[in-house]
Amino acid sequence: MGDSPTLQQIARGDGLALCAAGPWTARFAPALERMVAEAEKLTGSRPDIVIDVSQISSLDTFGAWLIERLRRSLTLGNVEAKISGLSANYASLVDEVRRVPVASAPPAVPQNALTGLLEDVGRNVVGFGTTLTGLIGMLGAVLVAGGRVVRHPRSFRLTSTVHHLEQVCWRAVPIIVLITFLIGCIISQQGIFHFRKFGADIFVVDMLGVLVLREIGVLLVAIMVAGRSGSAYTAELGSMKMREEIDALRTMGFDPIEVLVLPRMLALVIALPILAFLGAIAALYGGGLVAWLYGGIQPEAFLIRLRDAISIDHFVVGMIKAPVMAAVIGIVACVEGLAVQGSAESLGQRTTSSVVKGIFFVIVMDGVFAIFFASIGM
């Protein structure tokens, strides 16, 4: 019988016998797959085909399924391929595998390009609706958990909130300040380069102040937080979901939203306005530095022009946007984290989806705020 599986074809009159021998186990899966795939090509070649398994030395579920798959492939119309020589030790295993129903493939529906395009659009619309439903559901769950904490302050997890605040805010300060400083430098340099053609170098201060305080500052910080902290939230919650720690919390009587999500959300809502303020200061400093070194605008003139160009409304607009964008980023990250399944591939997909959706909704919210503040004259 040898140490490796075999499948020999032996002619018996008008019929054909497929003699299986050796170990038919998952250890020899590649070789068994090749042999069975080759034997399946005999479908319809002989009226009577018998699968002889009397020489099989060992059989597991994988091998039993391959034998059953071969039997089904060689069965043609009313002529059914038979299995002979099956020992009593393996009869129950083969019978169990035989009870598995044959999965019928759905009928193929011919589609043209337009139908396929409309189908993709429909699927995307349904997916977007599902995403919005999940976000609204998470927002409601967080508000309910927050209400419970307000009624019972002792249940508030201060240590967890402070820990996440350190991770999201304090440790993010260097990269936020560096990036916004460089962006302020770039905006100032480009503004001076183009305004100089019209002899209006000083107006770069107006552009820099309004852009940084109202739009670019908070938007850029929110995008960086979505990529840095949003992905971290999704990965943390997703890993806990894969290890069934969240189910363990529910078993112990704890609400995962109150224990895991609420501290993260609160830390993000507190951190983003602080980071947006520091980022705006860094961007203005970088812009002023470039205006002095590249454009020849003295720091005193820069500050006087900045004071005249901006008002408290510009600062208020940016600070109002920040906590709302933080809430959106946190909700998206937590929804994606809790949606992770049991595989590393799912964790990677959800983390990517968290960053993409977080940035998308941040930009959408920025546009909504721009329209709203313009309509009320701010």
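At what angle do the axes of helix α1 (residues 29–39) and helix α2 (residues 61–74) cross? The structure is a predicted model in which local features need pLDDT of at least 70 and side-chain atom pairs count only at pLDDT 80 or more, while totals for chains, interfaces and linings use all residues. Residues are numbered from 1 along each chain as its sequence is written, and side-chain values use heavy atoms, with hydrogens and water left out.

The two axes cross at roughly 10 degrees and come within 10 Å. Here an axis is a line fitted to C-alpha atoms, for helices over the stretch in contact, and the angle, from 0 to 180 degrees, is taken between N-to-C directions. Angles under 35 degrees count as roughly parallel, and α1 and α2 are therefore roughly parallel to each other. Contact (heavy atoms within 4.5 Å) involves A29, L32, E33, V36, A37 and A39 on the α1 side, and F62, L66, R69, L70 and L74 on the α2 side. These contact residues comprise nine nonpolar, no polar and two charged. In this scheme Ala, Val, Leu, Ile, Met, Phe, Trp, Tyr, Cys and Pro are nonpolar, Asp, Glu, Lys and Arg are charged, and the others, Gly among them, are polar.

Helices (H or I, at least four residues) and strands (E, at least two) are DSSP runs numbered from the N terminus. Strands pair if DSSP finds at least two bridges between them. Eight bridges link strand β2 (residues 15–24) to strand β3 (residues 49–59) in the parallel sense, with G22 opposite I56 of β3. Strand β3 is also joined in parallel to strand β4 (residues 82–84), through three bridges; V50 has K82 of β4 as its bridge partner.

A pocket is an open set of points on a 1 Å grid over the protein atoms alone, where a 1.4 Å probe fits, with protein on both sides within 12 Å along at least five of seven lines; lining residues have an atom within 4 Å of a point. Helices α4 (113–151), α11 (312–338) and α12 (344–375) each supply at least two of the lining residues.

The second largest pocket holds about 170 Å³ of space. Residues lining this pocket include Y285, G288, W292 and F302. Two or more lining residues come from each of α9 (256–293) and α10 (299–309), and α9 gives the largest share, five residues. By class, this lining has eight nonpolar, one polar and no charged residues.

Note on methods. Angles under 35 degrees count as roughly parallel, over 145 as roughly antiparallel, 65 to 115 as roughly perpendicular and the rest as oblique. Grid points are joined across faces, edges and corners, and a volume is the space filled by probe spheres set on the points.
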